[in-house]
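Subject: Handing over the structure

Hi,

Here is the structure I promised to pass on.

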Amino acid sequence: MGVENASKSISTSQCDDQLSNSKINTLVRLNVYDLTPVNNYVYWIGFGIFHSGIEVHGKEYGFGAHDFPASGVFEVEPRKCPGFIYRCSITLGQTNMSASEFRTFIENMASEYHGDTYHLITKNCNHFTEDLSNRLTGKQIPGWVNRLAKLGALCSCLLPESLQVTSVKQLPEYHECSEDEFVESLSPATPRESTEIDEEQEKHLLSSSTVTEDVTFVRENQAK
């Protein structure tokens, strides 16, 4: 009897270990985009003007500028970020976060990346992807992706005015989802109300020609 119980105990322990070890790891990829055709000429010497996003759990996450103190973190279909020319994908590593765990994580992170805090030199889309990569995999993104920003003040002289900001000019719209819906797709919800956005601003933003249904802002977690 004692042997049988011991055998069951060992078997249960082995089963728990197998479940732990079989927890699905999800690939984390960096998707890189060109902001200008000039990249075709300077990319090979490790230079260029790039946008980047992190692909995980079937969505791609980026950071862009808007005029409000609300989340500037947005999600799009992988390798299809509107307004940019897809160049390549780089596998950074893996994460063992489930879809629901990652959703909570990215909502918390969104509170650190408001659209009105975007800065070309110190807090751009590539700074966001490097931070996200570090937190998920412990690895940095390739240095050439954000080399222009690292050149500091020189960037402002090199960049055309139209490229000074990676702008997402639309009123942040948020979507609620369950873990299954997060993996499959997103269901629309009512945009979050904000006392910082008056009616005229809202009308202007929502009528902007740059508004796209392909971009969805991540709702930041307001929990203290």
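This is a predicted model: local features need pLDDT of at least 70, side-chain atom pairs count only at pLDDT 80 or more; totals for chains, interfaces and linings use all residues.

Below is what turned up, grouped by topic.

First, some ground rules. Residues are numbered from 1 along each chain as its sequence is written, and side-chain values use heavy atoms, with hydrogens and water left out.

**Aromatic pairs**

A pair of aromatic rings is described by the distance of the centres and the angle of the planes. I use the term for rings of Phe, Tyr and Trp (its six-membered ring) with centres within 6.5 Å; planes under 30 degrees apart are stacked, over 60 edge-to-face, and the rest tilted. The structure has nine such pairs.

One of them is Tyr33 with Phe84: the ring centres are 6.2 Å apart and the planes meet at 55°, so this pair is tilted. Tyr33 sits in strand E1 (residues 26-34) and Phe84 in the loop between strand E4 (73-76) and strand E5 (85-95), so the pair ties together parts 51 residues apart in sequence. Helices (H or I, at least four residues) and strands (E, at least two) are DSSP runs, numbered from the N terminus. Tyr33 is buried, at 1% relative accessible area. Buried means under 20% relative accessible area, exposed over 50%, and partly exposed in between (1.4 Å probe, protein chains only).

Phe63 and Tyr118 make another tilted pair, with 5.5 Å between centres and 40° between planes. This one also links distant parts of the chain, as Phe63 is in strand E3 (residues 59-63) and Tyr118 in the loop between helix H3 (99-110) and helix H4 (125-137), 55 residues apart. Both Phe63 and Tyr118 are buried. Ring pairs join Phe63 and Tyr118 with Tyr113 and Phe128 in a cluster. Tyr113 also has Lys123 over its face, 4.9 Å from the ring centre; that label needs NZ of Lys or CZ of Arg within 6 Å of the ring centre and within 35 degrees of the ring normal.

**Salt bridges**

Side chains of opposite charge can pair when their charged atoms come close. Here a salt bridge is a side-chain nitrogen of Lys or Arg within 4 Å of a carboxyl oxygen of Asp or Glu, and the whole structure holds eight.

Which residue does Glu55 bridge to at 3.8 Å? The partner is Arg29, with 3.8 Å between the closest N and O atoms. Glu55 is in strand E2 (residues 50-56) and Arg29 in strand E1, so this bridge ties together parts that are 26 residues apart in sequence. Glu55 is buried at 9% relative accessibility, whereas Arg29 is partly exposed at 27%.

Arg79 also bridges to Glu55, with the closest N and O atoms 2.7 Å apart. Through shared partners, Arg29, Glu55 and Arg79 form one network.

In helix H3, Arg103 and Glu107 are four residues apart, about one helical turn. Their salt bridge has its closest N and O atoms at 3.5 Å, and both residues are buried.

**Nonpolar cores**

A nonpolar core is a set of buried Ala, Val, Leu, Ile, Met, Phe, Trp, Tyr and Cys residues joined through side-chain atoms within 4.5 Å. The largest has 27 residues, and Ile54, Tyr61, Phe102, Ile106, Phe128 and Leu132 touch the most other members. E1, E2, E3, E5, H3 and H4 each give two or more residues to this core, and H3 gives the most, with five. Another core lies apart from it, with six residues including Tyr33, Phe74, Val215 and Phe217.

**Two buried residues**

Cys81 is in the loop between E4 and E5 and is buried at 5% relative accessibility. Beyond four places in sequence, Cys81 touches Tyr33, His51, Glu60, Phe74 and Val76, where contact means heavy atoms within 4.5 Å.

Asn39 is in helix H2 (residues 39-42) and is buried at 0% relative accessibility. Leaving aside neighbours within four places in sequence, Asn39 is in contact with Asp34, Gly48, Ile49, Phe50 and Arg87.

Cheers
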